[in-house]
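Here are my notes on the model, as numbered points. Please read them beside the structure.

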Amino acid sequence: MEVCQPLTKVANDSCPAIDQLQQKLTLLRQSNNPIQHFEDHENEIHSLFIQAEREILAEELQKLDINKASVEVNGVVYHQALRSYQTYQSAAGPVRVLRSLYRNAGDKCIVPLELKAGVVEGYWLPKAAKQAAWMVAQLPPADVKSLLDLMGNMSPSTSSLARLPKKLNEQWEQHLDPFETLLAENLTVPPDAVTVAASLDGVMLPMKDGKRQEKREKSVAEGKRTRGPAGCQEASCGTLSFYDDQGDRLSTIRMGRSLKARKRH
């Protein structure tokens, strides 16, 4: 998507964030205080570099902003409706920039900065979104939050981490065929593979709002037997495994998909 009327800005030869980082590192190295706990020393140095990274990202992100009365996107004219600060989540942590929001009478609002930077769901910068999506695919959002806090880079809220895969799934479902075609085209088959095995199964997943205890208590009160995991829904899981001529597995691709009620495929 091409955004017209870009803001041009002459870049400075020196970077304030790097200059400040160098000054702080110089003071840190000149300090005569002995290192008592090296972990604290690690954390302090990491904080200096990560803060500089955030400031540099903010500077580069700010250059993508447009501050004009109107812009044209794909032949449609949008008029400036708001100019305010917005915080985005980068892989290095939050960055705050001034950006403009534009509105067209027949369409939703757009933020040229977000379109040009590839911001995900109005909050995540691309690298941060990719990292967070991968993590929540492996761990519950609360555990991902704890891991990110320990790493000391970005630190989104648990609720933001929980919303991200849901929002991505909505986009995925709207463009399911082209996305799956793209994945299939980029599938790499091991060169020594002579056999492929496909498997499909269902797995019962406990739902956050499944009211598991209430359902069990209701069944007991009505004198009914409780069968299966209450408060769960079935999801589909599958694998594609490739084997060589000796029958040794070379690689496996794992897939999962939520299903509609009483539907298996």
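1. Tyrosine 123 is partly exposed, because its relative accessibility is 24%. Tryptophan 124 is buried, at 3% relative accessible area. Buried means under 20% relative accessible area, exposed over 50%, and partly exposed in between (1.4 Å probe, protein chains only).

2. This is a predicted model: local features need pLDDT of at least 70, side-chain atom pairs count only at pLDDT 80 or more, and totals for chains, interfaces and linings use all residues. Residues are numbered from 1 along each chain as its sequence is written, and side-chain values use heavy atoms, leaving out hydrogens and water.

3. The structure has two aromatic pairs. Tyrosine 123 and tryptophan 124 make an edge-to-face pair, 5.2 Å centre to centre with 85° between the planes. Rings of Phe, Tyr and Trp (its six-membered ring) pair if their centres lie within 6.5 Å; planes under 30 degrees apart are stacked, over 60 edge-to-face, the rest tilted.

4. Tryptophan 172 and phenylalanine 179 form a tilted pair, because their planes lie at 40°, with ring centres 5.1 Å apart. Tryptophan 172 is partly exposed at 27% relative accessibility. Phenylalanine 179 is partly exposed too, at 32%.

5. Now the helices. The axes of H1 (residues 16–30) and H2 (residues 38–62) come within 8 Å and cross at roughly 165°. Axes are lines fitted to C-alpha atoms, for helices over the stretch in contact, and angles run from 0 to 180 degrees between N-to-C directions. Helices are DSSP runs (H or I, at least four residues), numbered from the N terminus.

Definitions and conventions: Helices (H or I, at least four residues) and strands (E, at least two) are DSSP runs, numbered from the N terminus.
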